[in-house]
Amino acid sequence: MASVGAESMSTMPVADRVNFKFFEVAASGAALRVGGRFKEMPGAEQQILTTTDGRDIVIVGQNQSFHAPGFVEVIGTKVGDAQLNGVGLVPLGEDVDVELWDKAVHMTHLPQLRAMFQPVV
């Protein structure tokens, strides 16, 4: 499966890669990238992404094809305590080491390393 919403993602600022811990403290309206897996809920109106640290985020937005099997990264803006307005989705397949991904996200937020992961503007 190919990425969804590449055109919309290109108009956004560089999104910060987060898990739920960092999602919680991000400001409303912040551009974020969240990795995880969609919960399989046939017939449900909501898309729920289980993040790499095991919490759930509701993905809202206009795109009806916003679902993919396996591990995905959803790009969008934070619109609520546990809601992301998704504008893009990158499917990464089944063979993603979720624990390693989560540790990498933590590492990008360490004060000693944070400057290395900030976009150069």
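## Confidence along the chain

In this predicted model, confidence in the protein chain is lowest in helix 1 (residues 6–10), with a mean of 84, and highest in helix 2 (residues 20–25), at 97. The score here is pLDDT, the predictor's confidence in each residue, from 0 to 100. The protein chain averages a pLDDT of 90, and 94% of the residues score at least 70. Where pLDDT is low, the predicted coordinates should not be read in detail.

Residues are numbered from 1 along each chain as its sequence is written.

Helices (H or I, at least four residues) and strands (E, at least two) are DSSP runs, numbered from the N terminus. Two strands pair if DSSP finds at least two bridges between them.

Strand 4 (residues 56–60) pairs with strand 3 (residues 47–51) in the antiparallel sense, over 4 bridges. Here Q47 has I59 as its bridge partner. Their hairpin has 4 residues between the strands, and there G54 takes a positive phi near 85 degrees.

Strand 4 also runs parallel to strand 6 (residues 83–93), joined by 3 bridges. In strand 6, N85 is the bridge partner of V60.

## A look at G70

Follow the chain to the loop between strand 4 and strand 5 (71–80), and you will find G70. G70 is buried, with a relative accessible area of 13% (buried means under 20%, exposed over 50%, partly exposed in between, with a 1.4 Å probe and protein chains only).

Not counting residues up to four places away in sequence, G70 touches G36, R37, G93 and E94, where contact means heavy atoms within 4.5 Å. G70 and V4 are 66 residues apart in sequence and 15 Å apart in space, C-alpha to C-alpha.

Technical notes. This is a predicted model: local features need pLDDT of at least 70, side-chain atom pairs count only at pLDDT 80 or more; totals for chains, interfaces and linings use all residues. Side-chain values use heavy atoms; hydrogens and water are left out.
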